[in-house]
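User: Could you walk me through reading a fold like this one? I'd like the general idea each time, then the case in hand.

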Amino acid sequence: MEFNDDVGLDTSQVQDLRSGGGGIGPRVLLGGGGLGVVGLIIYFVMSQLGGTHGSPASGLGAVGSGQRVDNSKIAQQCKTGRDANTNHDCALVATINSIQGYWQDQFARSGKTYRTAPTNFFNGRVSTGCGGATSDTGPFYCPADSQVYVDLSFFNELRSRFGAQGGPFVEAYVLAHEYGHHVQNLLGTSGKVKSRSGPTSDSVRLELQADCYAGVWAKQATTTPTANGQPLIKNITDDDIKRALDTAARIGDDFIQTKLGNGQVDTSKFTHGSSAQRERWFTTGIKSGNPANCDTFGTNNLG
Ligand SMILES: [Zn+2]
């Protein structure tokens, strides 16, 4: 994946919480890490408990206490696609700009209004509208405050712990999946989720749809224009797509249960879908480029 050199970046879509705002505390790594596996690329479950958004953090007013957004470094470094081609943070900013640029256009085409959602970069732990989280949660979207959260060390973990090939487009897939949850939140889809686990549960349908939405963005990324008329993404190669599918396969419930759990596949505990299903729905999105093809709630055949 390459970015167009001369397209401007919008760093306001990112909130950098990493630079030691008071009170974040030391980096916390939970040994053993069972939680991270379960929570991988999650739609934050706490938000779905009890129906009272934000209650774990005693209301939205408490969100982010002790956290400070400091975008000065990113704003200084990440000006154009040229920076995105050489700097990791800037590549993520550009990717987020592209994903939201696509959805902005897509919502407008269907007479709806897209609301921009920031992605928070954090280290170790973070407090959110859905309560506190650590790196072990994996990247997640919190519907209560409509924000994406990612500890960038997760992308290293994908390679070291899950054996994924990694690469910039893999990170783009993960972010596009989280923004898929934001789209579901805006469209009211997430509110319809009743069953939380099982092979055909609403949770699995929600996750597979987010994978499909990620694919839809990927298909449109090189043609989605920015304010200056040029797309931010110059190209996505076949190798990029192969790597994303490799990742999708490694974060399927069955793969995680088999390779990182007790070795047994228990479909009643599925929350995100099998590896094959995740690959299939990402592929459906990237082949069609049409979110209407991502109707995982209206099909009896999830793959
Ligand atoms: Zn998800």
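What follows is a short tour of the chain, its core and its helix packing.

User: What should I know about the model before starting?

Analyst: It's a predicted model, where local features need pLDDT of at least 70, side-chain atom pairs count only at pLDDT 80 or more, and totals for chains, interfaces and linings use all residues. Residues are numbered from 1 along each chain as its sequence is written.

User: How many helices and strands does the chain have?

Analyst: Elements are DSSP runs numbered from the N terminus: helices are H or I with at least four residues, strands are E with at least two. Here that comes to 10 helices and 9 strands.

User: What percentage of the residues is buried?

Analyst: A residue is buried if 20 or more other C-beta atoms, placed from the backbone, lie within 10 Å of its own, exposed if 12 or fewer, and partly exposed in between. In this chain of 303 residues, 48% are buried.

User: And how do I read the largest nonpolar core? Which residues touch the most other members?

Analyst: A nonpolar core is a set of buried Ala, Val, Leu, Ile, Met, Phe, Trp, Tyr and Cys residues joined through C-beta atoms within 7 Å. The largest one has 65 residues, and V93, A176, Y213 and W217 touch the most other members. Elements giving two or more residues to this core include α4 (88-109), α6 (168-187) and α7 (202-220). The top contributor is α7, with 10 residues.

User: Why does A176 count as buried?

Analyst: Because A176 has 29 C-beta neighbours inside 10 Å. This residue lies in helix α6. For contacts, the rule is C-beta atoms, placed from the backbone, within 7 Å. Leaving out residues up to four places away in sequence, A176 touches I99, Y213, A214, W217 and A218. A176 and W217 are 41 residues apart along the chain, yet their C-alpha atoms are separated by 7.2 Å.

User: Now helix packing. At what angle do α6 and α8 cross?

Analyst: Two packed helices are described by the angle between their axes and the distance between the axes. Axes are lines fitted to C-alpha atoms, for helices over the stretch in contact, with angles from 0 to 180 degrees between N-to-C directions. The axes of α6 and α8 come within 8 Å and cross at roughly 55°. The two helices are therefore oblique to each other, given that angles under 35 degrees count as roughly parallel, over 145 as roughly antiparallel, 65 to 115 as roughly perpendicular and the rest as oblique.

User: Which residues make the contact?

Analyst: F169, V170 and Y173 of α6 meet D240, R243, A244 and T247 of α8.

How values were computed. Contact = placed C-beta atoms within 7 Å.
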